[in-house]
Amino acid sequence: MTTRVKPGQRVRLRDLDPAERGGYDSREDPKAVADLARDLERLCTLQETLMAEGQRGLLVVLQAMDAAGKDGVLRKVAGPLDSRGVSVFSFKAPAGEEAGHDYLWRVHQRCPRKGEVTFFNRSHYEDVLVVRVLDLVPRARWSARYAHISAFEQMLHDEGTQVLKIFLHISKEEQKQRLQERLDVPEKNWKFDPRDLEMRARWDAFQEAYEDAFERTSTEVAPWHIVPADRKWARDLAVARLLVETLEAMNPRYPKPNYDPKKMKIDP
Ligand code: AMP
Ligand code: MG
């Protein structure tokens with residue numbers, strides 16, 4: 001189901017099926033329903049423990065083509081978490097103060113504090129994706145960024161922030177249907193952005209930019225995970241699983257209280 005990209009591995013997105021179901025029959029498959037419920041519950045407990053421990057952070061990077069479901073994942077998987085320990089940040093084209101600094105400046109500021117899980121809806125990867133495809137800076141500038149990004153993520157890791165990078169992989173056909181729905185359904189019109197069509201027109205260039213990013217920034221400490229995303233339910237299952245696995249590996253612990261609970265007397 002989910003492909004974990006090894007350091008230096010060249011993945012061909014066209015060889016990975018975006019409609020994969022991860023061994024389940026359908027959305028209604030009782031096992032799919034039970035597994036998602038179990039993983040979301042486990043996720044909530046793990047996140048609470050990470051928050052209570054207060055020593056380390058988790059940064060979840062979500063990248064994808066338009067309409068691939070980044071917002072859906074946030075609603076479904078981040079939604080149930082305890083908002084005291086969660087933050088979500090959506091990166092747009094840099095503007096104002098952001099545009100006056102290097103490309104990692106705005107990103108570093110939004111990284112999780114200790115005990116927190118932060119979701120990035122888009123990220124520093126836009127600076128080697130849209131920036132590259134639309135030629136927003138010269139090649140020499142963006143091509144140096146893969147190394148900066150790997151070093152930056154290594155630093156985050158060394159300083160206690162786990163980085164989980166997820167690409168939601170949809171097909172061009174599925175994107176067409178979802179964009180069309182945004183035009184056809186009045187309540188969905190607000191989700192449509194005419195600029196999405198310009199991006200779609202550069203589909204192949206984006207896929208290639210993604211493949212290069214995976215190859216050059218998948219590291220031991222921060223590998224890329226490619227999640228088939230044509231089926232929303234399978235996508236949510238896969239992302240919830242990745243989060244559970246990542247937090248389980250971090251193995252957070254509730255802190256010892258700085259008092260003796262047995263010696264505390266509560267007045268009747
Ligand atoms: P959305 O996620 O649909 O709200 O769109 C945000 C837009 O901001 C997308 O078209 C991104 O490509 C664009 N964007 C995000 N980060 C950057 C960046 N560093 N440089 C240029 N455009 C960006
Ligand atoms: Mg959009």
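## Sheet and ligand site

Phe 167 sits opposite Ile 226 of strand 6. Keep in mind that this is a predicted model, where local features need pLDDT of at least 70, side-chain atom pairs count only at pLDDT 80 or more, and totals for chains, interfaces and linings use all residues. Residues are numbered from 1 along each chain as its sequence is written, chains are lettered from A and ligands numbered from 1 in the order in which they are written, and side-chain values use heavy atoms, with hydrogens and water left out.

Let's start with the sheet. Strand 5 (residues 161–169) and strand 6 (residues 224–228) run parallel and are joined by five bridges. Strands here are DSSP runs of E with at least two residues, helices are runs of H or I with at least four, and both are numbered from the N terminus. Two strands pair if DSSP finds at least two bridges between them. The sheet is open, with six strands in the order 1-6-5-2-4-3 and mixed pairing. Its edges are strand 1 (3–4) and strand 3 (86–90), each pairing on one side only. In general, strands of a sheet pair through backbone hydrogen bonds, either parallel or antiparallel.

Helix 6 (residues 145–158) lies across strand 2 (57–64) and strand 5, at about 130° to strand 5. That angle is taken between N-to-C directions, from 0 to 180 degrees, with axes fitted to C-alpha atoms, for helices over the stretch in contact; contact means heavy atoms within 4.5 Å.

Now the ligand. The residues around ligand 1 include Phe 91, Lys 92, Arg 122, Glu 126 and Met 199, where near means a heavy atom within 4 Å. By class, that shell has seven nonpolar, no polar and five charged residues.

| Protein atom | Ligand 1 atom | Distance |
|---|---|---|
| Ala 93, backbone N or O | oxygen | 3.2 Å |
| Arg 106, polar side-chain atom | nitrogen | 3.2 Å |
| Asp 127, side-chain N or O | nitrogen | 3.0 Å |

Taken alone, ligand 1 exposes 500 Å², and the protein buries 78% of that (Shrake-Rupley method, 1.4 Å probe).

Which backbone angle stands out at Arg 122? Its phi is near 70°, a positive value in a residue other than glycine. Arg 122 is in the loop between strand 4 (117–121) and helix 4 (130–133). Asp 135 also has a positive phi, near 60°, and belongs to the loop between helix 4 and helix 5 (139–143).

Definitions and conventions:
A polar contact is a pair of N or O atoms within 3.5 Å; within protein, one must be able to donate a hydrogen and the other to accept it, and residues adjacent in sequence count only if both atoms are side-chain atoms. Ala, Val, Leu, Ile, Met, Phe, Trp, Tyr, Cys and Pro count as nonpolar, Asp, Glu, Lys and Arg as charged, and the others, Gly among them, as polar.
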